[in-house]
Amino acid sequence: QVQLVESGGGLVQAGGSLRLSCAASGSIGGINAMGWYRQAPGKQRELVARITSAGTTTYAEAVKGRFTISRDNARHTLYLQMSNLKPEDTAVYYCNADITTWSWSRRDYWGQGTQVTVSS
């Protein structure tokens with residue numbers, strides 16, 4: 001069994017900052033790429049940022065220069081530092097990880113989501 005648990009969401013004023021965390025646990029053999037996605041009401045889930053096991057990062061245009069994705073491989077933890085937040089960043093943020101388990105099964109896993117609300 002593998003679990004992803006997000007934390008760090010909340011309510012913040014425009015221009016503020018938040019840091020999201022996602023801790024992976026269970027029968028983890030290795031974690032490949034990890035990413036943050038978000039889904040606003042009435043919209044499709046979209047990629048926010050992604051990081052490979054080697055540390056290569058990609059960002060959605062809307063968050064470039066404001067968000068930073070990072071990971072701690074030893075702790076199986078993913079982070080998203082969000083700065084200069086805007087009302088349009090309001091969404092449920094989901095953690096995603098491509099994980100190989102001890103039994104050599106490989107698939108995508110998702111966290112339960114954490115709400116980020118930015119007030120104007």
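Reader: Which strand does Ser-21 lie in?
Author: Ser-21 lies in strand 3, where a strand is a DSSP run of E of at least two residues, numbered from the N terminus. The model is predicted: local features need pLDDT of at least 70 and side-chain atom pairs 80 or more, while totals for chains, interfaces and linings use all residues. Residues are numbered from 1 along each chain as its sequence is written, and side-chain values use heavy atoms, without hydrogens and water.

Reader: Why does Ser-21 count as buried?
Author: Its relative accessibility is 18%, and buried means under 20% relative accessible area with a 1.4 Å probe, protein chains only (over 50% is exposed, in between partly exposed). Ser-21 therefore counts as buried.

Reader: What does Ser-21 touch?
Author: Leaving out residues up to four places away in sequence, Ser-21 touches Val-5, Glu-6, Ser-7, Trp-36, Leu-78 and Tyr-79. Contact means heavy atoms within 4.5 Å.

Reader: What makes strand 1 and strand 3 a pair?
Author: Pairing requires at least two bridges found by DSSP. Strand 1 and strand 3 (residues 18–26) have six, in the antiparallel sense, so they pair by that definition. Glu-6 stands opposite Cys-22 in strand 3.

Reader: Why do strand 1 and strand 7 stand at the edges?
Author: The open sheet of four strands has the order 1-3-8-7. Strand 1 (2–7) and strand 7 (67–72) each have a single partner strand, so one side of each lacks a neighbour in the sheet.

Reader: What puts Arg-107 over the face of Tyr-109?
Author: The charge criterion asks for NZ of Lys or CZ of Arg within 6 Å of the ring centre and within 35 degrees of the ring normal. Arg-107 lies over the face of Tyr-109 at 3.9 Å from the ring centre. Arg-45 lies over the face of Trp-110, at 4.7 Å from the ring centre.
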